[in-house]
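Hi there,

Here is the structure I promised to pass on to you. Have a look at it first, and then read my notes below.

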Amino acid sequence: MSTLARCIWVPCPVIIGAGPSGLAVAACLKERGIPSLILEKANCIASLWKLKTYDRLRLHLPKQFCELPFMPFPANFPTYPTKTQFVAYLELYKNSFGLDPVFNKTVVSAEFDDQCGFWRIKTLGLKQEKTEYVSQWLIVATGENADEVVPRIDGMDDFGGPILHTSSYKSGLLFRGKDVLVVGCGNSGMEVSLDLCNSNARPSLVVRDSVHVLPQEMLGKSTFGLSMWLLKWFPVRLVDRFLLLVSRFMLGDTEKFGLHRPEFGPLELKNRSGKTPVLDVGTLAKIKSGNIKVCLGIKRITHRAVEFVDGKKENFDAIILATGYKSNVPQWLKEADMFSEEDGMPKEAFPRGWKGERGLYAVGFTKRGLLGASFDAKKIAEDIERQWKAEATNFMPYIHPLTSS
């Protein structure tokens with residue numbers, strides 16, 4: 001016999017997700033005098049950063065491009081803050097704005113009720129207790145990286161050794177002296193391979209697709225910052241040609257090492273597909289020296305071995321899947337207009353993807369990192385403020401659901 005859901009009226013926006021995006025939009029609303037309710041399925045803020053990232057992770061971009069609205073990073077933080085420093089910054093951000101997420105609340109469905117004209121957000125707690133929140137505004141802040149992408153590869157069940165996603169990888173020390181295959185050549189795959197190499201493991205890297213590898217810094221500036229500056233004056237294709245010219249001078253011809261560049265330049269490709277170039281932090285030197293092998297795509301997995309599409313077969317002790325993440329919005333949001341059922345991303349591309357219909361918003365789905373999330377957060381707060389002021393007389397005083405009866 002199922003228990004009845006406790007129903008709570010929330011006279012302010014409900015934000016799903018207490019990651020950087022959710023915190024940013026809550027802070028932007030707070031600055032405009034608008035409270036919010038943040039629901040988070042984990043027991044902490046920024047659960048992806050705290051629980052599902054490897055130890056050596058740093059921000060790939062300089063801190064000034066990763067700060068949330070209204071609060072820069074502490075001056076004593078390095079240019080590229082560590083994972084621990086970034087989490088500390090987010091905790092400071094939460095406390096500075098007095099944000100109080102409700103943890104351990106998994107949203108199982110959110111649906112607009114045409115009869116009453118509000119969103120109904122159904123959740124489950126740790127003890128499977130049901131709570132339904134009712135609000136005029138729903139802000140989706142679960143992000144692009146909510147669930148792991150785990151590909152099904154022929155023979156995975158026969159491997160007989162550990163196969164883990166990077167979300168479970170912490171350090172290469174556990175793999176010292178072992179042959180490890182890393183599947184995926186994005187920033188995570190490249191960095192995990194480097195970490196394994198530095199821990200005296202023997203990594204091999206599967207590079208199935210073309211990839212742009214750029215130096216993290218050029219001409220004494222961050223590659224990202226230099227790109228943003230150049231784009232103020234020159235078209236994308238010209239900036240791309242410059243980036244590739246400097247990259248070839250600094251890194252050499254990556255084609256020689258099995259890293260084939262895409263047809264489009266790094267910035268144009270990012271705009272077209274959202275695919276981010278790899279910012280090299282030392283992996284390429286290890287590939288050049290032969291300490292990290294580059295392999296073609298996988299044909300099948302056998303017992304403690306992998307057969308590749310070029311016919312080669314190699315033995316491995318472990319496989320690490322650096323195959324990324326995906327949005328989980330279609331699993332719980334009962335709405336077909338704003339989000340795509342295929343990839344769980346807004347159908348409208350940046351910069352128009354932040355606003356839907358009937359009080360529905362999205363923050364952090366821009367494929368432009370924390371800068372994109374900050375853009376969304378400010379736009380959403382501005383839009384809700386207009387409605388909030390127009391309807392101020394209709395609102396009752398806000399009571400946090402944890403203290404309501």
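Helices here are DSSP runs of H or I with at least four residues, strands are runs of E with at least two, and both are numbered from the N terminus.

A word on the source: this is a predicted model, where local features need pLDDT of at least 70 and side-chain atom pairs count only at pLDDT 80 or more, while totals for chains, interfaces and linings use all residues. Residues are numbered from 1 along each chain as its sequence is written, and side-chain values use heavy atoms, leaving out hydrogens and water.

H6 spans residues 236-251. Which of its residues are buried (under 20% relative accessible area, with exposed over 50% and partly exposed in between, using a 1.4 Å probe and protein chains only)? They are Val239, Asp240, Leu243, Val246, Ser247 and Leu251. These residues lie on the same side of H6 because they cover an arc of only 135 degrees around the axis (taken from the directions from the helix axis to the C-beta atoms). The face turned away from them carries the exposed Arg237, Arg241, Leu245, Arg248 and Phe249. The buried residues pack against several elements (contact means heavy atoms within 4.5 Å), including helix H5 (223-231) and helix H7 (266-273).

Now to the strands. S17, S18 and S19 form, in that order, an open antiparallel sheet (strands pair if DSSP finds at least two bridges between them). Strands S17 (298-302) and S19 (313-315) are its edges, each pairing on one side only. Between S18 (residues 305-308) and S19 there are three bridges, and Glu307 has Lys313 as its bridge partner in S19.

Enjoy exploring!

Methods:
The expected span of a helix is 1.5 Å times one less than its number of residues.
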